[in-house]
Protein chains: 4
Amino acid sequence: MSIHSEGLSDNQSERVLAALDQFQIETPSWGYADTGTRFGKFYQPAAAINLGDKLSDAGQVHRLTGCCPTVAVHVLWDFPEGSDPAEVVRQAEQSGVTIGAINPNVFQNQQYKLGSFGNPDATARQAALQHCLDSIAIAQQVGSQHISLWFADGTSYPGQDNMRSRKRRFAEGLQQAHDRLSHDQMLLVEYKPFEPAFYQTDIADWGMAYLLAKSAGPQAKVLVDTGHHYLAQNIEQIVAWLLDEQMLGGFHFNDRRYADDDLTLGSIDPYQVFRIFHEIHSYAFDQRGVYPEIAYMVDQSHNLKPKLEAMIQTVMVAQELYAKAALVDHAALVVHQSNGDIVAAERMLQRAFTTDVNDAVVTWRRQHGLPDDPLDALRTSGYVEQAARERSERRDALGIVQATSYA
Amino acid sequence: MSIHSEGLSDNQSERVLAALDQFQIETPSWGYADTGTRFGKFYQPAAAINLGDKLSDAGQVHRLTGCCPTVAVHVLWDFPEGSDPAEVVRQAEQSGVTIGAINPNVFQNQQYKLGSFGNPDATARQAALQHCLDSIAIAQQVGSQHISLWFADGTSYPGQDNMRSRKRRFAEGLQQAHDRLSHDQMLLVEYKPFEPAFYQTDIADWGMAYLLAKSAGPQAKVLVDTGHHYLAQNIEQIVAWLLDEQMLGGFHFNDRRYADDDLTLGSIDPYQVFRIFHEIHSYAFDQRGVYPEIAYMVDQSHNLKPKLEAMIQTVMVAQELYAKAALVDHAALVVHQSNGDIVAAERMLQRAFTTDVNDAVVTWRRQHGLPDDPLDALRTSGYVEQAARERSERRDALGIVQATSYA
Amino acid sequence: MSIHSEGLSDNQSERVLAALDQFQIETPSWGYADTGTRFGKFYQPAAAINLGDKLSDAGQVHRLTGCCPTVAVHVLWDFPEGSDPAEVVRQAEQSGVTIGAINPNVFQNQQYKLGSFGNPDATARQAALQHCLDSIAIAQQVGSQHISLWFADGTSYPGQDNMRSRKRRFAEGLQQAHDRLSHDQMLLVEYKPFEPAFYQTDIADWGMAYLLAKSAGPQAKVLVDTGHHYLAQNIEQIVAWLLDEQMLGGFHFNDRRYADDDLTLGSIDPYQVFRIFHEIHSYAFDQRGVYPEIAYMVDQSHNLKPKLEAMIQTVMVAQELYAKAALVDHAALVVHQSNGDIVAAERMLQRAFTTDVNDAVVTWRRQHGLPDDPLDALRTSGYVEQAARERSERRDALGIVQATSYA
Amino acid sequence: MSIHSEGLSDNQSERVLAALDQFQIETPSWGYADTGTRFGKFYQPAAAINLGDKLSDAGQVHRLTGCCPTVAVHVLWDFPEGSDPAEVVRQAEQSGVTIGAINPNVFQNQQYKLGSFGNPDATARQAALQHCLDSIAIAQQVGSQHISLWFADGTSYPGQDNMRSRKRRFAEGLQQAHDRLSHDQMLLVEYKPFEPAFYQTDIADWGMAYLLAKSAGPQAKVLVDTGHHYLAQNIEQIVAWLLDEQMLGGFHFNDRRYADDDLTLGSIDPYQVFRIFHEIHSYAFDQRGVYPEIAYMVDQSHNLKPKLEAMIQTVMVAQELYAKAALVDHAALVVHQSNGDIVAAERMLQRAFTTDVNDAVVTWRRQHGLPDDPLDALRTSGYVEQAARERSERRDALGIVQATSYA
């Protein structure tokens, strides 16, 4: 169990290259637009104005990183009344990407004040369901496989509503949505323990998401957002259980210190992300190398870092940690585990985590005609400056003011 | 929705009396013995030495409170090698109580260092299973319906063991234990997110307990320990979900500020306990007044308060909060909820919680020939002083020293 | 230590009346306007549009509760460029209230993206300081004693800035602000461990607020916002320490389950609020009945409950809990504490908390010509419906649309 | 800001070597003995029986790592009644180490049930003070500079005691202890928010430790135990503030997922440890390279890993993370921070953290005649097997049984 020397062995480099070959991560359209906290937004001149801009930005990210071929979209924000799905597909194609997960939005309209699928009012529930059915239809039109369902539903005060009734309304709504899926589509059910409902969220943890997905039907799985957990909760264990139950549908990646902070992945606790990836490699090892189908998606919209830098940095960190986790020798690990050799077993994870894989990642990039350092390449590309200029002018022409208010 | 005047209406008093008539709570044998924290124990002269003492103390608690007819026992501590279950039944009878839940102990022996049901070593797993089967047999001999399963299993370091393998070992062990149940017995599967395993506990949350109970068989349900949750987790929501899934088996009651602090129930957050009871009354309302079968059990062994005082205080607080929760008018509440009248709905819970039910509780006690204030009655009874004298002498005779060490 | 019978003794009623006589609580102007979460706002027709509306609403709250004579204002939102402080004073007077704490806002403008007093850029720091000095001047003009300072400053990523440098910039800025105070003014320095800065907030806890207030000067004290603490943190202990150090300046009241949820006071954990008030009564007992000067302020702007209902409910809960805490017999408590009689000591707090003080509170209201139930009185007053009508029309006339966007 | 290539530059290697030359870390005598959780101990045959064993083990750790020349001792456990300090010094010398911090123990004896310095009973307070004065005298006799004060004091139930009175008792006790220090001694005041007191600990956070240390006198500073913080609390910020106030006395290192789990350093969140070290290097950079005097100490006594392996692994991880943190180019970092270039600034920390420093650490070991991999060297040394044999026999001879009980 001796400490490793720096520099990868040939075998290790191959494992990194193989891991990167099969790792793709989806970026979200809303990560390219101005967003903020409830205290306000900090605006960026280069922020995307419309879906075309977002697809262009996502294309730029894919051009530099080579592993982000798809873009998650938000129906309400990206498919305004009367928009043409076929046109969106064309726009995406022009930008070098395709449309990924479709995200309905059933939290923003005033009718959802007391919830969407969980609302005590049947009219609001029906509206939410219809929006989801419309989203499924759009997904079919744009060739999207995943419908990502996050609900802001819940209650903020004890007694506000009956939690069992809300559970049943959710079960009913999800079953109805599931009925409309085509055979290759999948519902991803997300959970979140807190915010914007403050006393209770209707799908608060993975157990609730699991039960609702199970009752919805065979094409529903659980979506794990790394920022949606209690403090000190062991996320990788949840991943392991969902894998074992064949109920892990995908990830929304981001990082946080306290709540759902939307920080870039790995910025606070990179070792945890590594351990999540380790569970996936470990599962695949037990499946003789066959990896599970998992939708890896970024879900961040933090408002301080420049939008494209934040996204590229995130993707680079994800690749790096996925590659490090690929270095663990699972056969040897099992031996240490069986022997109860805690220190040797743990050291295998630590050793993989502290191994510097950058040279191998650069090698992979060169093999694919990508820049050695996508972030540096972005900075020297002029893309952001150009976008800032063009979009500022367009904003002026459209009369859009980048200003916000709290109260 | 006007504020109430002090003093209960006749209808309210009747609801309190009816609620108390159907509310019983089990006390644990280990709550009468000296226990401590890892930093040491603080000893009490009146602490129980053996099972006979514990049953006697439990009998005293039942005599004063009238709602604690059963006693949970720990197999390892209370049924030493060669003890006769029939004799235990007789002892309990003499003390005016009967044996309640049987708690196997598969965490204390050295062989369980790496776990019991989850241990990578089959020998340790087999020993743990055998102890559980023995416990089921003892339960049958003493006429006990509930087998309470809490496992200390887990890992303390990343990589220490394979979490999916541990899950499968647990599923297998629980199925084997379930096979041995007689038709009227029930397995209660407890979860705990933290301690004594520090990185990952094998049954970390209600979702894991639910899945394992489901896979074990129809006579397995989930046991909710109020101290075993993440900070800020909404326990009453979990209770609501388990009720709706008909998977709530029972409670281990205690309170805590931070972790599993074993404080007396309601000492830190009484409103949360009230809300838990509210969910149960609300469920029964929907079932036309039929209450679910739930094993209410105390699980505390804090080491500062005098043992019997702590237990009686806990029982009194539990009765009080259960009675307050019985005051909520569910039919009216549903109307407010349907109308989205958050303030009126919430006020119904707040009003019930702030209603002073002590007079009605005293009425109930008098109806049952119990002292008005069981705690005062304990203090004037001389029971504790007598126990302290007799047990101190016995301890001396047995050569037992009340002393501890940390390192 | 016997349990009490329902209904207050004469002595208890007098204590409640005396406590209510000396308890006043300030409402915030921003609690009357539409606010939301980062996911959107839910609008209310009756929400205030301008400062006049807010003062009118605050006046209505005071008219019904009799204990909210002052209104906290936000300089940026309530004193737009060119507004006349004297006119504001007149408006307040017309509404039956006076101006309370002045809250500068140094987080909303784009220049504060990297902070205000902590910003690495001296220009931004200077702008923030100037705004605070202007706020102090306004305070002097409107006769306000308290300058409430909450800073959104901090960093969201490790390495983003030097934490020691930021600390020193804060010390310098606060000293400069302190220099401008008139002799009867006070700086209140607030802390917050999280949000909107996500990695580190510059004034993260009471210790940091204490050190900065101390270094600013003798007229700076600490402001405790009940929602700004780590999970499981003992807020009443912080209150006790600040009282003992004579550094407690005031409170921002609200409640929360997880973060800074802006829920109405006591909605999640009323016993904690009671314990905070207990510390204050206990301190005054040691000071022979002289109460410390503390600015009690509400800081909530939750977006689900009707604005005025939320505020009145909050004030009623605050009065109730303050009154309950006044029932503790401190002389007797000290005896139990000295004897190490944990159960008897704790029971004194529990007994006071469970005592129903509503009749005494109603007596106090009648003595002051107030309605028995201010919330019911609001609902029957027609005030909200009238405000909704008038403000909706005004909004239409002004072209204000109640709509929001996330991205 | 391009990504680095693997392998250190000459300049980087020199920085690692220089950092390791000035980094020493103290191991604790209690880390070599059997310890456990409240659920029991898992015994190790090689565990130390007495102080001689502990010093021998500490000597072995220092022999293999070259950076652990001192050993922290616990007065109660290591200096039994009648032990001779001069003899202890000789024993340490024979084992190749010297005595480091002296830790009084005022939590284990029965008289401390309600506290030591904070106890309402003056007799208990006096006993605790006397033990501390004795400890200071022992420290003088063995040439120890640091008196580490951790208090288990606090209360477990609301109302149990007066928190302001306890604060004042602590201030008085600490002042009296400070009076007895010789001019080169230092009191280190530790804080802990939770456990074994469960409602309130008397020195709950760094702010309380700071105030008490300040009031004790100039030779009192704050001791930061990495496991003693609220979830999500930013420890490195506390370190930065204490450094800036010149009040950081030392560290107790360990790691945890939830509470004070006593896991080996860096096993759960290595990036946080790195960031703590970064603050120290950053402070020294501002002091023109002069490092502050900080007592780095391990405080772990986890019961699963083999004792010596756990200690050596901890020391190796500490060296590695300290070395990585030494790689940050502070002059360049300041430029990025001044420019508000968040991504470039953060990347500097991430780059240093992901740099593989193992080769440089091995170089340092070879320069000092140490084994390349101290853990491997321990395993092949035969030391543990020899200790297990010898100590098992001695245990038998002494009649010591390695067995535990919970209740």
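Predicted model: local features only at pLDDT ≥ 70, side-chain atom pairs only at ≥ 80, totals over all residues.
Residues are numbered from 1 along each chain as its sequence is written, and chains are lettered from A and ligands numbered from 1 in the order in which they are written.

Me: Which C-alpha of chain C is nearest the axis relating chain C to chain A?
Reply: A rotation of 180° with 0.0 Å of shift along its axis also places chain C on chain A, with RMSD 0.0 Å. The nearest C-alpha in chain C lies 2.2 Å from the axis and belongs to Arg38(C).

Me: How many nonpolar residues are on the side of chain C that touches chain A?
Reply: Contact here means that C-beta atoms, placed from the backbone, lie within 7 Å. By that criterion 38 residues of chain C are in contact with 38 residues of chain A. Ala, Val, Leu, Ile, Met, Phe, Trp, Tyr, Cys and Pro count as nonpolar, Asp, Glu, Lys and Arg as charged, and the others, Gly among them, as polar. On the chain C side there are 6 charged and 10 polar residues, and the nonpolar number is 22.

Me: What is the orientation of α5(B) relative to α6(B)?
Reply: The axes, lines fitted to C-alpha atoms over the stretch in contact, belong to α5 (residues 122–142) and α6 (residues 163–179) of chain B; they come within 10 Å and cross at roughly 30°. Angles run from 0 to 180 degrees between N-to-C directions, and those under 35 degrees count as roughly parallel, over 145 as roughly antiparallel, 65 to 115 as roughly perpendicular and the rest as oblique. The crossing angle therefore makes α5(B) and α6(B) roughly parallel.

Me: What orientation do α2(D) and α10(D) have to each other?
Reply: Helix α2 (residues 51–65) and helix α10 (residues 307–325) of chain D have axes that come within 10 Å and cross at roughly 40°. Their contact involves residues including Leu64(D) of α2(D) and Met311(D) of α10(D). The residues of this contact divide into 6 nonpolar, 2 polar and 2 charged. α2(D) and α10(D) are therefore oblique.

Me: How many of the 11 residues of helix α7 of chain C are buried?
Reply: A residue is buried if 20 or more other C-beta atoms lie within 10 Å of its own, exposed if 12 or fewer, and partly exposed in between, with C-beta atoms placed from the backbone. The buried residues of α7(C), among them Trp206(C) and Tyr210(C), pack against elements including β8 (186–190) of chain C and α8 (235–244) of chain D. Helix α7 (residues 206–216) of chain C is mostly covered, and its number of buried residues is 9.

Definitions and conventions:
Contact = placed C-beta atoms within 7 Å. Helix = DSSP H or I, 4+ residues; strand = E, 2+ residues; numbered from the N terminus. Least-squares fit on C-alpha atoms with pLDDT ≥ 70 in both.
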